[in-house]
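Here is a short report on one protein model. Please keep the sequence and the structure in view while reading.

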Amino acid sequence: MAATGETNMRVVIQVFGGPDVLTVERGGAIPEPGDGEVLVRVEASSAAFTDIIIRKGLYPGLPEKPPFTLGYDMVGTVERNGSGADAFAPGTRVADLTTIGGQARFVCRRQDDLTIVPDGIAPVDAAALILSYVTAWQMLMRVAKVPQGGRILVHGAGGAVGTAMLELARLNGIAAWGTDFPEKHDLISNLGGTPLDAGMEDLSSAIPGGVDAAFDPLGGASYARSLDVVKPGGMLVGYGFLEQALGHGGSIPMDFIKLRLWDWLPNGHATAFYSIGAMRRKHPAWFHEDLSHLFALLAQGRLTPTIEKTLPMEQVRAAHEAIEAGEVRGKIVLLPWGEA
């Protein structure tokens with residue numbers, strides 16, 4: 001239980017903008033859980049490129065306007081229950097995809113949205129799975145439905161979702177090629193992928209025979225080169241707007257239109273845009289099922305998330321700057337007590 005006199009802390013943005021808009025507020029009141037909610041003491045929350053898109057005001061369909069607390073996911077322990085919330089006893093470790101709000105010492109969450117974290121899993125490892133591994137798993141297995149023995153291309157393969165995709169592909173007997181900066185090529189190789197330079201235009205020459213699915217978080221002009229290497233009957237899955245978010249041109253609405261148009265055209269390829277939030281709203285049971293499955297694999301020692309470092313929440317700005325610069329190998333996880 002929260003100690004007498006204990007207060008909240010949280011990562012807040014007052015306005016949309018660059019890393020300088022990030023502040024850590026201390027001394028706030030601990031929130032009270034409402035009907036059907038539980039109060040959770042947060043133990044870890046990942047820092048993700050999605051947080052950067054939200055921070056810049058580029059996240060499609062975000063219902064909130066600043067000020068608000070950042071944090072796309074969180075792992076923590078149930079502190080107390082609101083009225084009608086009896087599914088989780090205090091002391092139960094749980095996880096949730098929060099979209100915003102996860103980067104705080106205490107948060108209130110609907111009990112129906114929570115997934116139990118099995119005993120023996122470290123909070124940092126659990127936090128690394130919620131956004132990145134569920135994203136990779138659902139794109140691989142639920143959207144593209146790549147079979148054992150299939151072939152895939154992953155852009156940004158040395159990042160958080162990319163490393164998750166490579167590990168899951170290897171675990172399921174799928175051959176993978178991954179683009180990224182040369183500094184991450186050893187990581188891609190260690191995860192079972194074949195590394196390619198990030199700026200390579202003619203991917204078809206590097207992957208004879210093409211791939212069953214290409215996963216592209218870059219957007220813009222990258223979609224065309226990805227589609228070029230997809231085999232007839234295969235699929236291009238877009239899942240981000242990295243180029244636009246970094247100010248390298250392109251248009252988020254045009255990317256949606258482009259993917260939809262390509263999917264309609266009789267060109268022998270399917271295209272789709274993946275959003276973990278949209279998928280969860282459409283199929284809420286899938287999120288619990290998939291995260292629970294991934295937690296089980298982690299508990300069995302069959303997954304080893306690539307975590308570059310942990311940082312105290314006080315250093316959230318440094319985490320954002322490193323992610324935007326493309327320097328992070330895998331994941332950064334934030335700890336709310338400054339215990340990095």
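## Basis

The model is predicted. Residue numbers start from 1 along each chain.

## The six-strand sheet

Six strands form an open sheet with parallel pairing. Their order is S11-S10-S9-S12-S13-S14. Strand S11 (194–197) and strand S14 (270–273) stand at the edges. Each has a single partner strand, so one side of each is left without a neighbour in the sheet. On average, neighbouring strands of this sheet are turned by 20 degrees against each other, direction ignored.

Next come the pairings. S9 and strand S10 (residues 175–180) run parallel and share five bridges. In that pair, His 155 has Thr 179 of S10 as its bridge partner. Strand S9 (residues 151–155) is also joined to S12, by three bridges and again in parallel.

## Strand S12

How much of strand S12 is buried? Five of its six residues (211–216) are, so the strand is largely enclosed by the rest of the structure. The cut-off behind this is a relative accessible area under 20%.

Ala 214 shows the strand's place between two partners. Leu 153 stands opposite Ala 214 in S12. In S13, the bridge partner of Ala 214 is Leu 236. Strand S13 (residues 230–238) runs parallel to S12, and five bridges join the two. From S12 the chain passes through helix H6 (residues 222–229) to S13. This β-α-β crossover is right-handed.

## Helices on the sheet

Six of the eight residues of H6 are buried, so the helix is largely enclosed by the rest of the structure. The buried residues are Ser 222, Tyr 223, Arg 225, Ser 226, Leu 227 and Val 229.

## The three-strand sheet

An open sheet of three strands has antiparallel pairing and the order S2-S1-S4. Its edge strands are strand S2 (22–28) and strand S4 (68–69). Each of these pairs on one side only.

Six bridges link strand S1 (residues 8–13) with S2, in the antiparallel sense. Among the paired positions, Arg 10 has Glu 25 in S2 as its bridge partner.

## A buried loop residue

Gln 103 sits in the loop between strand S6 (93–97) and strand S7 (106–110). Is Gln 103 buried or exposed? Its relative accessibility is 0%, so Gln 103 counts as buried. The side chain of Gln 103 reaches the backbone oxygen of Ser 46 at 3.3 Å.

## Salt bridges

Side chains of opposite charge can pair when their charged atoms come close. The structure holds 16 salt bridges. One of them joins Glu 43 and Arg 93, with the closest N and O atoms 2.9 Å apart. Glu 43 lies in strand S3 (residues 37–47) and Arg 93 in strand S6, so the pair ties together parts that are 50 residues apart in sequence. Glu 43 counts as buried at 14% relative accessibility. Arg 93 is partly exposed, with a relative accessible area of 26%.

Which residues does Arg 110 meet in salt bridges? Asp 112 is one partner, with the closest N and O atoms 3.6 Å apart. Asp 113 is another, at 2.9 Å from N to O. Arg 110 itself is partly exposed, with a relative accessible area of 43%. Asp 112 counts as exposed at 52% relative accessibility. Asp 113 is buried, with a relative accessible area of 18%.

Key. Predicted model: local features only at pLDDT ≥ 70, side-chain atom pairs only at ≥ 80, totals over all residues. Heavy atoms only, no water. Buried < 20%, exposed > 50% of the residue type's maximum accessible area, 1.4 Å probe, protein only. Helix = DSSP H or I, 4+ residues; strand = E, 2+ residues; numbered from the N terminus. Pairing = 2+ DSSP bridges. Right-handed = clockwise from strand over helix to strand, strands pointing away. Polar contact = N/O pair within 3.5 Å; in protein donor to acceptor, adjacent residues only side chain to side chain. Salt bridge = Lys/Arg side-chain N within 4 Å of Asp/Glu carboxyl O. Axes fitted to C-alpha atoms, helices over the stretch in contact; angles between N-to-C directions.
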